[in-house]
Amino acid sequence: FNIFYLVSSHFRLFSSHEGVDEATIVEVIAKRSNAQRQQIKEAYQQSTGKPLADALKKALKSDFEEVVLALLMTPPEYDAFEMKRAMKGLGTKEAVLSEILGTRSNKEITAMKNTFKEDYGQLLDEQIKGEVSGDLENTLLALCKATRSEDHNIDDGLAKSDAKALFEAGENRVGTVCSVLIDVLTTRSEAQLCKIFQHYGKYSKQGLAKVLESELHGDLEDCLMALVKSAWNKPAFFAEKLHLAMKGLGTNTDTLTRILVSRSEIDLLKIIQEYKRMYGKPLQEAILQETSGDYEKILLTLCGTQ
């Protein structure tokens, strides 16, 4: 992996008038690790005196450009960018806030918060307060603290008492006590939550996910469901989101790009496996049906050839 050779041989085209070789961009950007892409950015800056992202912005367009620019960011930069974009302009994309805060580790959330402050000059939690309210705000701010337990050891006694508390706060009374749900789902580790869900089955014929669907609605339901589903099986949670992004008329390319880029070095292989198990066809086949051109090529490259 000779970075300077790569930069001089492949990226000269941005300072020439020959147009853009998208196939080369796919090859050089999508087939490298994020750490290698950071080195490529640095080498390009050194050899041309200009940021690589700026050159690519001028040369590329639409969804393909979005993926390439996303891949050039570090993971905390990209998470911060997506959080900021979800809160920009009219209407907040609450599902994006819930997806990111509900699936990242404490370390990832802390890095994102630091980057958010550096890049946008604002505190992430303050920005969230200005965009959402009520129980959803409480849930997102609790996750934003990045203090959720990550202990792999399970406390069975606590799981039993939490399951009982959740049952009594939810379907066992008129009107759901959201504070109990929020407290348990935002503080317990994912391993502990799985144990709680198992014990919950002793109190209720329905699983907790079904109860949340019937008791809650809207953005709060989506947020708490994201916490339940990602604790139970995170790759399956993302597989479902990808499926919904490509279902019906039109494709939600923002979701497609965000998940494939952000999970590419974490659990994308598992997501691909879950997708096939859940929907009976490869994720790559769905991408081929729903996208086209260079955007399709770069997404398929990220998926690899599984």
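**Reading a predicted helical model**

Tutor: Valine 180 is found in helix H12. We shall return to this residue; please keep in mind that the model is predicted.

Student: How does one read the radius of gyration of the protein chain?

Tutor: One sets the value beside the expectation for a compact globule. With 306 residues, such a globule would have a radius of gyration near 19 Å, and the 21 Å of the protein chain agrees with this. Along the principal axes, the C-alpha atoms fill a box of roughly 70 × 45 × 40 Å.

Student: How much of the protein chain counts as buried?

Tutor: A residue is called buried when its relative accessible area is under 20%, and exposed when that area is over 50%. Of the 306 residues, 47% count as buried.

Student: Is valine 180 buried, partly exposed or exposed?

Tutor: Its relative accessibility is 25%, so valine 180 counts as partly exposed.

Student: Which residues does valine 180 touch?

Tutor: Residues up to four places away in sequence are set aside. Valine 180 then touches Ala165, Leu166 and Ala169. Separation can also be read in two ways: valine 180 and glycine 250 are 70 residues apart in sequence, and their C-alpha atoms are 38 Å apart in space.

Student: Which residues of helix H14 are buried?

Tutor: For a helix, one asks where the buried residues lie around the axis. In H14, residues 208-215, they are Leu208, Val211 and Leu212. Seen down the axis of H14, these buried residues fall within an arc of 100°, so they line one face of the helix. Lys210 and Ser214 are exposed on the other side of H14.

Student: Against which helices do the buried residues of H14 pack?

Tutor: They pack against helix H11 (156-169), helix H12 (178-187), helix H13 (190-203) and helix H15 (218-246). Helix H12 is the one that holds valine 180.

Student: Where is alanine 146 found, and what is its phi near?

Tutor: Alanine 146 is found in the loop between helix H10 (134-144) and H11. Its phi is near 60°, a positive value in a residue other than glycine. Alanine 146 is buried, with a relative accessible area of 12%.

Student: What is the phi of serine 62, and is this residue buried or exposed?

Tutor: Serine 62 has a positive phi of about 50° although it is not a glycine. Serine 62 lies in helix H5, residues 62-72. At 53% relative accessibility, serine 62 counts as exposed.

Key:
Residues numbered from 1 in each chain as written. Predicted model: local features only at pLDDT ≥ 70, side-chain atom pairs only at ≥ 80, totals over all residues. Heavy atoms only, no water. Rg over C-alpha atoms; globule rule 2.2 N^0.38 Å. Buried < 20%, exposed > 50% of the residue type's maximum accessible area, 1.4 Å probe, protein only. Helix = DSSP H or I, 4+ residues; strand = E, 2+ residues; numbered from the N terminus. Arc of directions from axis to C-beta. Contact = heavy atoms within 4.5 Å.
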